[in-house]
Amino acid sequence: MKAIQVGLIGIGTVGTGTFNVLQRNQEEIQRRAGRGIAITMVADLDTARAQALVGNSAQVVGDARAIIANPEIDIVVELIGGYGIAKQLVMEAIEAGKHVVTANKALLAVHGTEIFAAAHRKGVMVMFEAAVAGGIPIIKALREGLTANRIQWLAGIINGTTNFILSEMRDKGLDFDVVLKEAQRLGYAEADPTFDIEGVDAAHKATIMSAIAFGIPVQFDKAHVEGITKLGAQDIKYAEQLGYRIKLLGIAKRREKTATTPGGVELRVHPSLVPAKRLLANVEGAMNAVVVQGDAVGTTLYYGKGAGSEPTASAVVADLVDIARLVDASAQQRVPYLAFQPDAMSDLHVLPMSDVVTSYYLRLRVADEPGVLAKVTGIMAGMGISIDAVLQREGDEVVGANDAPQTDLIILTHDTREGTMNEAMAALQALPTVLAPIVRIRKEELA
Ligand code: HSE
């Protein structure tokens with residue numbers, strides 16, 4: 001059978017990896033796919049560099065639309081990223097009847113609904129394993145391997161840059177700014193790391209996973225997004241003393257309706273205390289991992305490299321193989337884009353952050369004088385917040401000009417509605433004995 005023809009748009013890190021993996025493993029890949037997979041066209045702005053990479057094996061063009069216009073091309077692989085030109089090219093490729101493989105999580109998290117609808121109309125596949133957690137086949141696991149399950153929740157370390165920074169902060173007791181500079185010097189963090197450190201990249205990935213886990217549309221605009229820029233070494237140290245590590249988690253959780261809280265989906269990215277004994281808490285450096293809890297299977301864990309040339313290429317090539325196998329199947333015989341049939345999506349809504357229920361770590365810098373602890377716990381009790389543990393430690397630095405004794409009060413709570421916690425924090429902050437802004441970090445037991 002004739003090899004399936006692939007046009008690659010963008011031959012940077014992942015594109016180069018894709019080209020190399022396909023070449024190196026072509027014999028095994030062909031035995032799996034049932035036919036060859038050949039990159040026959042490559043589009044890149046730097047045509048000379050692209051030509052040097054691919055040699056005579058593919059036609060190199062500067063204009064990606066030449067790939068889309070070529071009737072011989074079956075699959076377009078989009079590896080340029082972003083929402084602008086990438087969206088136009090993906091939509092044009094779909095309109096031209098091409099199947100699409102993309103690693104572009106931002107594009108799918110924000111414009112996925114439009115893209116999948118267009119692909120459905122045209123009867124083409126859009127595959128995106130590389131968009132979430134690089135080489136870890138988490139999309140395949142959620143969409144196919146766990147298809148028997150009602151997924152209850154998933155939580156993942158899905159951004160390597162921030163996990164590297166947090167690991168370094170904990171290992172070396174350093175603050176965020178210092179570690180970020182070092183990470184940039186070593187090439188672990190981008191020159192502009194905003195999307196990573198502010199949690200946006202993780203939220204794109206969590207949004208895509210939430211859609212597949214619960215059969216809801218991608219709704220990045222409803223995700224709560226908080227990064228790691230405000231974390232201090234002190235809180236990492238206190239968390240450690242309490243038996244926790246701090247990780248940036250992407251969380252998607254089904255919340256059943258109760259007498260006091262509405263039902264829906266929690267979709268959130270923020271630093272979280274995780275019990276140190278959990279496997280997820282021990283995922284270090286730039287590695288990624290996702291825990292998925294299904295009602296039948298129980299807890300499952302997926303671990304691996306979330307970025308890099310060949311790990312991400314591994315996911316891209318897996319999608320190419322899937323398309324090669326399914327290209328002659330009817331649309332009904334293929335796996336739906338978001339795991340659920342397009343006409344069977346759920347209207348389960350994404351909960352506002354105020355309706356999220358979780359437990360908390362609070363750190364209050366307080367005046368060290370009689371009655372302070374009683375006042376603090378009194379306010380919390382008055383709002384129905386149950387305390388799990390309290391720790392008092394002398395803080396590293398004195399705050400304010402006053403040399404009266406002061407101390408750090410660290411409080412762990414049981415599950416509380418976020419809206420209630422916001423009210424409690426406002427009341428606590430108003431106490432004259434609370435001397436600095438309260439630090440609040442959410443806590444996930446992941447049990
Ligand atoms: N910038 C991402 C990370 C890799 O640091 O994990 C690609 O998603």
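What covers the buried residues of helix H15? The cover includes strand S13 (357–367), helix H14 (372–382), strand S15 (406–413), strand S16 (416–417) and strand S17 (439–443). Keep in mind that this is a predicted model.

Let me stay with H15. The buried residues there are Glu 418, Gly 419, Thr 420, Met 421, Ala 424, Met 425 and Leu 428.

Glu 418 counts as buried because its relative accessibility is 3%. Its side chain meets that of Arg 440 in a salt bridge, 3.5 Å from N to O. Arg 440 is partly exposed, at 22%.

Now to helix H11, residues 200–214, where Thr 207 sits. Thr 207 has 0% relative accessibility, so it counts as buried. Beyond its close sequence neighbours, its contacts include Ala 109, Phe 220 and Leu 267.

Asp 201 forms a salt bridge with Lys 105, at 3.5 Å between the closest N and O atoms. Asp 201 is in H11 and Lys 105 in helix H6, so the pair ties together parts 96 residues apart in sequence.

For contrast, take a pair within one helix. Glu 168 and Lys 172 form a salt bridge at 2.6 Å, N to O. They are 4 residues apart in helix H8, about one helical turn. Glu 168 is buried at 15%, while Lys 172 is exposed at 51%.

In total, the structure has 33 salt bridges.

Technical notes. Residues numbered from 1 in each chain as written. Predicted model: local features only at pLDDT ≥ 70, side-chain atom pairs only at ≥ 80, totals over all residues. Heavy atoms only, no water. Helix = DSSP H or I, 4+ residues; strand = E, 2+ residues; numbered from the N terminus. Buried < 20%, exposed > 50% of the residue type's maximum accessible area, 1.4 Å probe, protein only. Contact = heavy atoms within 4.5 Å. Salt bridge = Lys/Arg side-chain N within 4 Å of Asp/Glu carboxyl O. Lists of a residue's contacts leave out its neighbours within four places in sequence.
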